[in-house]
Amino acid sequence: DELVTAQDVDNAALARLDLERKVESLQDEINFIKKLHDEEMLELQSQIQDQHVQLDMDVAKPDLTAALRDVRLQYENLASKNIQESEEWYKSKFADLTEAAARNNEALRVAKQEANDYRRQVQALTCEVDALKGTNESLERQMREMEENFSMETSGYQDTIGRLEEDIHNMKDEMARHLREYQDLLNVKMALDIEIATYRKLLEGEESR
């Protein structure tokens, strides 16, 4: 799955704003072209009306009637042609702008959909991050409890080791004392053995007399 960041959401929002500005610009251009076309139509109609008035004023002149009729006919044909071309150009331009606006609207719709998808993904990731934060806090709490228990157990072990070392030291002192007493007893025994041997020799000497 693609990881969505806040930068992606910002880019989608900027793209959406850009498309909206393009749609507004196209709509303004359509309105401007329509206004320009209406103004051209009014101007052509005004020129035709002026020409009709001029022809009506000059209708009394028999030598110019035919020429003016031809000019009027040519001008009306030219005006009709210009109007038709203008209408066709306007329709073509309007169709192009409408198609472009439709494409931009579709792009805008897609951008909005993508932004919504990104927003949902960000919300899902935010929920996952919150859940991981909760798990991390729970693990940290358990670790602190374990450290406290370990510290207490370590302190208890150290006290036990201290007592055992003291007992060993006392036992060594007691063994040394017992060894000294045993050595003293051996010395006394040896002295007694020597004294007994001396008495025995003396007794044997008395008996031999």
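Predicted model: local features only at pLDDT ≥ 70, side-chain atom pairs only at ≥ 80, totals over all residues.
1. Of the contacts in the protein (heavy atoms within 4.5 Å) between residues at least 6 apart in sequence, 89% join residues at least 24 apart.

2. Residues are numbered from 1 along each chain as its sequence is written, and side-chain values use heavy atoms, with hydrogens and water left out.

3. The average pLDDT (the predictor's confidence in each residue, from 0 to 100) is 77 for the protein, and 73% of the residues score at least 70. Over residues 55-62 the pLDDT is below 50, and this stretch has 4 contacts in the model beyond near neighbours in sequence.

4. The protein has 2 helices and 0 strands, assigned as DSSP runs numbered from the N terminus (helices H or I, at least four residues; strands E, at least two). Lys-22 is in helix H1, residues 6-57, and Ile-196 is in helix H2, residues 65-208.

5. Buried residues (under 20% relative accessible area, with exposed over 50% and partly exposed in between; 1.4 Å probe, protein chains only) make up 12% of the 209 residues. Lys-22 counts as partly exposed because its relative accessibility is 41%, and Ile-196 is also partly exposed, with a relative accessible area of 43%.
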